[in-house]
Amino acid sequence: MSEALAPWLVVAGLGAFHGLNPAMGWLFAVALGLHRGSGRVVAWAMAPIALGHALAVAAAVVAFLALGAVLELSQLRKIAGALLLGWAVWVFRRGHPRRVRVGMTTGAAGLVLWSFTMASAHGAGLMLLPALVPICFAGETLPHLATTTARALLVVLLHSGAMLAVTAAVAFLVYRVVGVAVLRSAWINLDLLWALALAATGLWLLFG
């Protein structure tokens, strides 16, 4: 695998991973569809859910690049790694922060807010930081602003597109085929899995 291609595959893979997590949106979309008795509602929910996720990821990317303009990359990696490890410990011991309450009658704005809050609370954008280093940084310096901005935008679009594709596929599979009852017998501890993913990302930034 090309070293230049690998971080882009990581970005897309993390998007798919986030899309599998019911907390990232597909479970809410299915619940809305069942509440309103319409598969079209499930499809309609995809756009605001993906937009909220993209905004949360973009916020993390912008913060990372802004700090990279004033800090040494090695310092930035340590700060980001420590933050991710701390987040992983919090998730492992306490679970995710309280979820924002959005009702079944919410509109597009409510779904965007809900998705943005969920992605931020889960540290979804922070998990992209290891891939951002080889994509947006050249050695220890920040490339030309236009180049960095274009690469960062592509990261957000690729990640969000992969997340949207998987979220939509799972949502319609659950809504049309298997039903939400399968979650009672096929549920896994996603908080633990997410904590391990956060910890692995943090360790990579600190020691990779």
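Modeller: Serine 115 touches Met24, Pro48, Ile49, Gly52 and His53, not counting residues up to four places away in sequence, where contact means heavy atoms within 4.5 Å. This is a predicted model, in which local features need pLDDT of at least 70 and side-chain atom pairs count only at pLDDT 80 or more, while totals for chains, interfaces and linings use all residues. Residues are numbered from 1 along each chain as its sequence is written, and side-chain values use heavy atoms, with hydrogens and water left out.

Serine 115 is found in helix α5. Helices here are DSSP runs (H or I, at least four residues), strands are runs of E with at least two, and both are numbered from the N terminus. With a relative accessible area of 1%, serine 115 is buried; buried means under 20%, exposed means over 50%, and partly exposed lies in between (1.4 Å probe, protein chains only). The C-alpha atom of serine 115 is separated by 9.6 Å from that of phenylalanine 28, although the two residues are 87 apart along the chain.

Now the helix itself. The 14 residues of α5 should span 20 Å at 1.5 Å a residue, and its end C-alpha atoms are 20 Å apart, which agrees. The expected span is 1.5 Å times one less than the number of residues. An α-helix has 3.6 residues a turn, so residues three or four places apart point the same way. The buried residues of α5 are Gly110, Leu111, Val112, Trp114, Ser115, Met118, Ala119 and Ala121.

Alanine 121, also in helix α5, counts as buried at 12% relative accessibility. Its C-alpha atom is separated by 9.9 Å from that of valine 91, 30 residues away along the chain. Just after α5, glycine 123 takes a positive phi of about 70 degrees.

Next comes tryptophan 114. The structure holds 1 aromatic pair. It is formed by phenylalanine 28 and tryptophan 114, edge-to-face, with 4.6 Å centre to centre and 70 degrees between the planes. Rings of Phe, Tyr and Trp (its six-membered ring) pair if their centres lie within 6.5 Å; planes under 30 degrees apart count as stacked, over 60 as edge-to-face, and the rest as tilted. Because phenylalanine 28 lies in helix α2 (residues 26-36) and tryptophan 114 in helix α5 (residues 108-121), the pair ties together parts that are 86 residues apart in sequence. Phenylalanine 28 and tryptophan 114 are both buried. In α2, the buried residues are Trp26, Phe28, Ala29, Val30, Leu32 and Gly33. Just after α2, glycine 37 has a positive phi of about 65 degrees.

Among the residues that serine 115 touches is His53. Histidine 53 is found in helix α3 and, at 0% relative accessibility, counts as buried. Setting aside neighbours within four places in sequence, histidine 53 is in contact with His18, Met24, Ser115, Phe116, Ala119, Ala124, His159 and Met163. Three residues on that list, Ser115, Phe116 and Ala119, bring us back to this part of the chain.

Phe116 also belongs to a nonpolar surface patch of about 250 Å², made together with Leu51 and Leu55. Leucine 55 lies in helix α3 (residues 39-68) and is partly exposed, with a relative accessible area of 41%.

A few values set this part in its surroundings. The chain has 9 helices and 0 strands. Buried residues make up 46% of its 208 residues. Of the contacts with a separation of 6 or more, 84% join residues 24 or more positions apart. Helix α6 (residues 129-136) has 7 of its 8 residues buried, so it is largely enclosed by the rest of the structure. The buried residues in α6 are Leu129, Pro130, Ala131, Leu132, Val133, Ile135 and Cys136.

Technical notes: Patches are made of residues with over 30% relative accessible area and no salt bridge: like charges are joined within 9 Å, nonpolar side chains (Val, Leu, Ile, Met, Phe, Trp, Tyr) within 5 Å. Accessible areas come from the Shrake-Rupley method with a 1.4 Å probe; for residues, only the protein chains shown count as cover. A salt bridge is a side-chain nitrogen of Lys or Arg within 4 Å of a carboxyl oxygen of Asp or Glu.
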